[in-house]
Amino acid sequence: MNQKGIGWNGKTLKQMLEESERLIIETNRYYGIDKLSLKEQDPFRYERAYASLRGALVSARETALHVAASPIVKEIGELCFALYTPEGDSIVVSTGILVHVHTMSEAIKFMIREEYEDDPGINPGDIFLNNDPECGNVHTTDVQTIIPIFWKDELIGWAGGVTHQIDTGGITAGHDLIAAVQRFDDGVYYTCRKIGSNDKIWKDHMISARRSVRTPMYWELDEKCRLAGNLMIRDAVLKFIEIEGIDYYRRFIREAIEEGRRILLKRVKERLIPGRYRAASFIDGPFKNEAWQPIAKMDKLNNQPIEVIVKEDGGLSISFDGASGPGQNAFNCGKGAMEGGQWVLLTQVLIYGDKVNDGAYFAVEKNYPLKTWANPGDPYLSYQAPWGNLIPAYTGMMKCISYGLFSRGYREEVVPGYGFTGDAIQGGGIYISGPLKGQRWALSTFEISGQGLGASAVRDGLDWGYAMWNPEADLGDVETWELFQGGIPYLSRRVKPNTAGHGKYRGGANYEGVAMVAFSEKVEFFGGREGLVFHGCGGMHGGYPHGTGYRLYAKNTNMEEIIKNQKEYPLGDPDPKNGEFEKLIKGDIVRKCQNLIFPINLKNYDLIHYSLSGGPGYGDPLERKLENVKKDLEDGIYTQDFVYKIYGVVANFNEKTEEWTIDVEATKKRREEIRKEREEKSMTFEEFWEHERKKIVEDKLHEAVKRMYSESIQLSKKWGKEFLEFWKLPEDYKMEVE
Amino acid sequence: MVQHDKKTLVRMLEGDLSWDELKLIISGRKDPNRFDVILEILQEKVPWKEKILLPLHEHLYVVNKNGKRIVKCDCGHEFGDYHQNWKTKCRIRVRDTQEDINELYPHCMGSDPEWMELREYYCPECFTLLDTESVPPGYPVIFNFLPDIDAFYEKWLGRKAPDRE
């Protein structure tokens, strides 16, 4: 065991971490920092220092992705970098997939707590790799490279970079493996492993890694990308110290994080209202008839209740108390992933700007209850697609914050939620012709980075342009996706009608696509997003949730003949009741209202359809301006029948001029009719209470719903008590589930 | 200090700002007097006299009436004590059949009513749709927001709430 630690003044990293944690608890300030003395004494120097480090990180990211990177990283920037304190707290971050800034923080702390300093040792030039969600990651597909930064013989920080892989060698090809139901299905695990020294990745690691995944070339390119970026950051930090001095650096990193903490508190006081906020989201897991493995054959519905307390001092407390249990499925979410999700959303709704670091993390009290989907505490579960829980769950935080923003008058900042970055059509196959004959391709399109954003209280939501985990969302180019998924070329992309959540301001809309299997054999395909439930916590102030996903594909088609004869083929599924697939092709057409499917085999000329998600709406649809409804019709966002039923707008289309006109008088009448319908078809709260309670006491609930209530009641006394009290059920009431 | 003139904010509330105008407000620094200006605009807009303490919703406000803080709709309907969930004073429509859900969503693009229903909360007087809830059958009504009005005025704004002055 080392006698002298590699931390500051001979301390071990563990001692430094313990001291840091003690100071936060004792003083409620980062590292006990009372005064931002550097900032106060010479603000220009302080800001210049921050900007120089921030610039170095952004530059490292932009340069590294051009040095070497897989298409997914290069095309839409699925990477980010951050600089950390010796204890693992982020000081400065690059742009990119910022959800990982705090996950890497957890990984560094894992290594410190596990005393890596003694074994395997932490030395200048060492390289560590992590993708284990149980110690600081979202899912195994996100791979982190972390290097220590030394000044003389002291460790003064860490540089970390993360990229999203196309494939990590899991049970099936792809990046969010629906078929993974335990850790052993998740693909290759690197649990904070040392993989190099003297700035060089060890040969034995690279040989092993290349043989562990289906896309070895892209794995290697991304390893080089992350290391290149980290080395650039290290150089920049050492240069910074040469210019500013080590004493300045040491004080600066503490003050920068404390300033980040204070910025959050100040922003909360500036934008919100103290009080208690609540929302609830859900995700369906129809695994009973879908899963292959006997242990996984169970329908699950996950309860994702959130409570946000805005305190008088500007602090936030976020709790998922009442969350239901984890399961034998890929959606389990480690604590690190929950913290990453919370952090990345706060950077978007409250603390956007340059001074983004773990200070914001320290300003928030968090409760991810143990043994729930939000913190299972069991490393042997699958953590392959925790996004299945994380993405819908955090719509609740956005909605809660939006209530505060609204009341404070900042209506332009309101966002009740966002679309699920799901329906990532996934899978893979082997080329049987062309220059890549015999090689594997993996289907992992990152078009999913372009989902619909929720409406604000003053405008419509953003169409096809938002991903909760990457503030720089970009759906990329078809041509780039076809570079690495050439076995399934696109036949179409076009706007899908009726995806946007209805409202006075509608949610963002989205599009659909059709792709065809070609040039391949041994093709497997799967996908998943919400299908039986609406995504997230729905609309706000009378707005509706956006449309759900569903599944559509066709096997054994006559596409070969259609192509040969140059006949019409389906370009989408604008009206699922009257589908183009059924009209234009022959074959075995499968439609399912659930979106999630386990992998199926496909052959050349088989078709798959996918649709991206809209965003939730805001306000009563009857208040939507007629000119906006007209534009929706012109742009194909909504169809005539739904505009009539929901917005009460009577519109006519002139086939000759191809123009829409609104009949204002008829619309006025129709809107009055809808108000009357509302009166006729609604009930009092007392009637509603009886109506709903019967569903529980007369055992009319679906098995998945009962299981959800049963788990939440068992896992949280508080949530269970409120549930039972609301429905006036006895304290010992139990839901009978298998 | 950033300030947006009242006319601009009125236009924003009406949804009349162009994207170029709105983007400046979104991406710029925030105007610290926004709460007071919005309150003034809303007070002028509502057809009743009670002083608004806090805008709670597009159509609902916390006001003081006869010494009690209540939730009031802009149509004049009163929902009672703001500590109670105003949704429990609404008229409610529950869409818990596939037919009812498919009035709003195309086939397969709405929820399965066995897994999730859609609730609509209307003002009992003007029948404005005040909220929707997409929750599994049997889920308790969610109480979304309970503001701490006195802490807000006294601790954050440094003055008493208008009804406590």
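Two strands are taken to pair if DSSP finds at least two bridges between them, and strands themselves (E, at least two residues), like helices (H or I, at least four), are DSSP runs numbered from the N terminus. This is a predicted model, in which local features need pLDDT of at least 70 and side-chain atom pairs count only at pLDDT 80 or more, while totals for chains, interfaces and linings use all residues. Residues are numbered from 1 along each chain as its sequence is written, and chains are lettered from A and ligands numbered from 1 in the order in which they are written.

**Chain B and its strand β6**

Chain B has five helices and eight strands, which follow one another from the N terminus as α-α-α-β-β-β-β-β-α-β-β-β-α. Its C-alpha atoms fill a box of roughly 50 × 45 × 30 Å along the principal axes. The chain is divided into domain 1 (1–45) and domain 2 (50–165), with bounds that come from an automatic or database domain assignment, and the C-alpha centres of these two domains of chain B lie 24 Å apart.

Of the 165 residues of chain B, 42% count as buried, a class that requires 20 or more other C-beta atoms, placed from the backbone, within 10 Å of the residue's own. In strand β6 of chain B (residues 117–122), six of the six residues are buried. The cover extends to both faces of β6(B), with E117(B), R119(B) and Y121(B) buried on one side and L118(B), E120(B) and Y122(B) buried on the other. In a regular strand the side chains alternate between the two faces of the sheet.

β6(B) pairs in the antiparallel sense with β5(B) over five bridges, and R119(B) in β6(B) stands opposite V94(B). β6(B) also pairs with β7(B), again antiparallel, over six bridges, where the bridge partner of R119(B) is E133(B). β6(B) and β7(B) form a hairpin with six residues between them, and F127(B) in the turn has a positive phi of about 55°.

**Strand pairs in the model**

| Strand pair | Sense | Bridges |
|---|---|---|
| β5(B) and β6(B) | antiparallel | five bridges |
| β6(B) and β7(B) | antiparallel | six bridges |
| β1(A) and β5(A) | antiparallel | six bridges |
| β8(A) and β8(B) | antiparallel | three bridges |

**Chain A**

The domain assignment of chain A gives domain 1 (8–22 + 58–248), domain 2 (420–450 + 468–618), domain 3 (621–681) and domain 4 (685–726). The centres of domain 3 and domain 4 of chain A, taken over C-alpha atoms, are separated by 38 Å.

An open sheet of seven strands in chain A has the order β2-β1-β5-β4-β3-β6-β7, with antiparallel pairing; its edge strands, β2 (90–93) and β7 (200–201) of chain A, each pair on one side only. Within this chain, β1 (residues 79–84) and β5 (residues 154–164) pair over six bridges, and the bridge partner of L83(A) in β5(A) is A159(A).

**Where the chains meet**

The contact, for which two residues must have C-beta atoms, placed from the backbone, within 7 Å, takes 60 residues from chain B and 71 residues from chain A. On the side of chain B that touches chain A, β7(B) gives the most, with seven residues. Strand β8 of chain A (residues 275–286) pairs with β8(B) in the antiparallel sense over three bridges, and the bridge partner of G275(A) in β8(B) is P147(B).

Definitions and conventions
A residue is buried if 20 or more other C-beta atoms lie within 10 Å of its own, exposed if 12 or fewer, and partly exposed in between; C-beta atoms are placed from the backbone.
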